[in-house]
Structures are given as C-alpha cells and as structure tokens.
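User: I am new to reading protein models. Can we take one feature at a time?

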Amino acid sequence: MKHKLFILASFCAFVVLSVPFNIQGPNAPVTMAHYGISAAQQGLILTIQSVGSLCAAVFIALQGEKYNKIHGIAFGLLIICLISAAIGFGPSYTVLLLLIAVMGVGISFVDVMTNSVVSEVFPKRKNTVLPLTHASFGIGAMLTPVFVTFLANPVMPESFSRPFRWFTIFAAIIFLFYLLSGRRIMPETPYANMAAMRRRATENPAEIFKTRGAWIFMLAGVLYFTFQMGVIVWLPTYAIRDAGMEFGLSGILLTSYFAGSLAMRLLCPLFLRKFSARFIFSVFGGVAAVLMLAALFTGNVPVMFALMTASGFMQGGSVPTYVLICCEAFPDRTASAASLCTLSSGIASLTAPLWVGALSEYTGFRLPMVLVCCALLVSSALIFRYKLHYYPGN
C-alpha cells in the first residue's frame, strides 16, 4: 500500500510542477495589463524562471547523486509553495522576476529528482510509472488554462495574482503528502544507504558530459522544448491577436492541446510495448510538428481545435520517452541523465519565450510559431538519426 501511496504522491508532485510551467501563457494578457509591460517583457518572466531552473539543473547534474532524491523533491515542492504564496501578494515587476527565478530552482528539483527516483525505485516498472507520472503533468497542464481564465480577468488586471493564491493551498497539501509518503517508503529505497551512493557519486561527477551522446541528447532536448515553450507561453496570445479568438476561448484552445498530450501520456505504456522510446520521440514528434503547422494556417476554428488536439496527442509521449532514452544511456548516473531534460528545458525557457515575444512585435505571432515547429522537426531528426546508447567511454 505504501508503494502505491508513494507513486500517487509522485503523480501529485508532477501536477504541482505543471502549474508554474503553464500558468504564464493563459495569464499573459492579464499580467501584461497589470504591469503595463510589452510582450517581450512578458516573455522575460519565463526566461528569468529558466535562469533559476538552469542553475539548479547544473548543480543536480554534477552533485545530485550525493543527495537523498526524495528529500530533494520535497525541498522543491516547498520552494514552489512559498514562492506562489509570495506572488499572490502582487509584488512589483522587479520583485516578481526575483521570485520567479527562485521558483525555477524548485521546479528543477522536483523535475529532475522525480525522473531519477522513478528510475531507481521502480526499475522494472519505469516504462509504466514514468509515462503515467508525466501524464499527471499533462493533467495539470490541461487544467491550468481553465483554472487561470476562471480566476483571472483582463478587465481586472490585479486579478493576475488570484491563480497563484489558490495554487499555494494545493501545493502545500501535496508537499505534506509527499513528505509523509516518502518517509514511509525510504527504508526500501536506494536512499536508505546514502553513504554508498555518495562514494560512487564523488568518483567522477561530470562523467556523462564527457560523451558525445549527452550533448546530442541535450541539443535535441533544447529544440523540443523550444517548440513546447513557444506553444505553452504564446499560443493563447497568438489565438487572440492573429486568429481573432476571445480570451476564454484562447485558454480552451491550449487546454485542447494538453488534452491530446494527456491522452498520449496515459497510453504511452501501451505504445512502449510496440515501439521503442526513440521511435515515439522522433516519428511521433515529427508528425506533431506537421499537425501544428497545419493548425496555424487553417482559418477554420473547429479544424484548428482538432489539429491542435492531434498535435498535442502525437507529441504527448516526448518528455517521458526522452527521459527514458537518457536514463537508459546512462543507467548508473540517473540524476545526471534526468538532468539533461531539465537542462534542455531550462535553456529553451531561457531563450524561446523572449525571442518569440520580441519577434512577434515586428511580424505577428505566426512566423515565430512556425519557427518553433521547425525546431521540433530538427529535434525529431536528431534522435531518429543517432543511436540510442552512448555509455561513458564509448
């Protein structure tokens, strides 16, 4: 029973993780109205968040194996909870950026450590547990736009902070649940003997980065997350400004994309019985990019919704399969391997929201959205082209 509770707590942790990633997109019109900022300045918010996330991911990549990963996840959840509470008070734009940077640290700890914990605690069930954990992220991503558009209102710019206040309560509950369930399962995990883990970790902390495979995986990840961040942050604004949708409908469009993504993540364990993780990431991801491009150029709203949902479905297994690819390539360095996902996400978050927002001020949002689709195509080609395993020393 305690194993099931811990798995459930891991699922809930990823629901919490999904909100900071996905709250800024649907909340962007309200936030820009509240602070009187441009699209580029709005993009800077997630860019700053990625700075904190990237710094933490680098630390975990080099030193993460030395620490109890269950405690690391609880630490990340606590940071997310406290920062959300602080944003709920409606700080100045400068203070908001500082808080968002710290939020990024919490995001990396939850993201990287959870991927690593699943691989180490449930090695025989990771092909099932890991995709379902990421499906929980999909649930949060799907619900967040509706949650935001229900609580925030462009007519009342100060309402941008309402979603953060309500999210704080939920995050606090999940933090306590995870901490208690983690303590119960601790004696049956590799973290019961941290002394042995620390001895292995201190031998060569940057081992995987001496291989070509790690850098290829990271480049593919950066390109994939460039696509994902472009969609998450700017799809609702594109729908309003370029497609003429209303505020509420733009949030539902993003929700439809995440609904497709969630469906794939729930089905991903079944697909992994038929296809390799590399095939799902590369081939399915390439199809997702083509569907997204078609959605951007259709003038029919129902067709756009259908194509967005289908695109979300086809790329829905990309993150869990990417983590599986990395952890299978470096089975003795799962924290470092899992950190490749967060490092890639951090680099993309650092750049994509900012350049998409800045370019859109000159061209509109369609061109930059096309470019992020091209990034996904290149990412899929990289993973399809190169072999799966790149062990240290090869």
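User: Which residues of helix 13 are buried?

Analyst: A residue counts as buried when its relative accessible area is under 20%. This is a predicted model, and the label is computed from it. In helix 13 the buried residues are Ser-318, Val-319, Pro-320, Thr-321, Tyr-322, Val-323, Leu-324, Ile-325, Cys-326, Cys-327 and Ala-329.

User: What does that say about helix 13 as a whole?

Analyst: Count the buried residues against the length. Here 11 of the 12 residues are buried, so helix 13 is largely enclosed by the rest of the structure.

User: How far does helix 13 reach from its first C-alpha to its last?

Analyst: Compare the reach with the span expected at 1.5 Å a residue. Helix 13 covers residues 318–329 and reaches 16 Å, close to the expected 16 Å.

User: Which residues are buried in helix 12?

Analyst: They are Met-304, Phe-305, Leu-307, Met-308, Ser-311, Gly-312, Met-314 and Gln-315.

User: Which helices do the buried residues of helix 12 pack against?

Analyst: Look for contacts, meaning heavy atoms within 4.5 Å. The partners are helix 9 (212–241), helix 10 (247–274), helix 11 (277–297) and helix 13.

User: Where is Val-303? Is it buried, partly exposed or exposed?

Analyst: Val-303 sits in helix 12, residues 301–315. Partly exposed lies between the buried cut-off of 20% and the exposed cut-off of 50%. Val-303 has a relative accessible area of 37%, so it is partly exposed.

User: How far apart are Val-303 and Phe-258?

Analyst: Check two separations, one along the chain and one in space. Val-303 and Phe-258 are 45 residues apart in sequence. Their C-alpha atoms are 16 Å apart.

User: Now zoom out. How many helices and strands are in the protein?

Analyst: The protein has 15 helices and zero strands. Its radius of gyration is 20 Å, close to the 21 Å that the globule rule gives for 394 residues, so it is as compact as a globular protein of that length. The C-alpha atoms fill a box of roughly 55 × 45 × 35 Å along the principal axes.

User: What share of the residues is buried?

Analyst: Buried residues make up 61% of the 394.

User: And what share of the contacts joins residues at least 24 apart?

Analyst: Start with contacts between residues at least 6 apart in sequence. Of these, 84% join residues at least 24 apart.

Definitions and conventions:
Residues are numbered from 1 along each chain as its sequence is written. This is a predicted model: local features need pLDDT of at least 70, side-chain atom pairs count only at pLDDT 80 or more; totals for chains, interfaces and linings use all residues. Side-chain values use heavy atoms; hydrogens and water are left out. Helices (H or I, at least four residues) and strands (E, at least two) are DSSP runs, numbered from the N terminus. The radius of gyration is taken over C-alpha atoms; the globule rule is 2.2 Å times the number of residues to the power 0.38. Buried means under 20% relative accessible area, exposed over 50%, partly exposed in between (1.4 Å probe, protein chains only). The expected span of a helix is 1.5 Å times one less than its number of residues.
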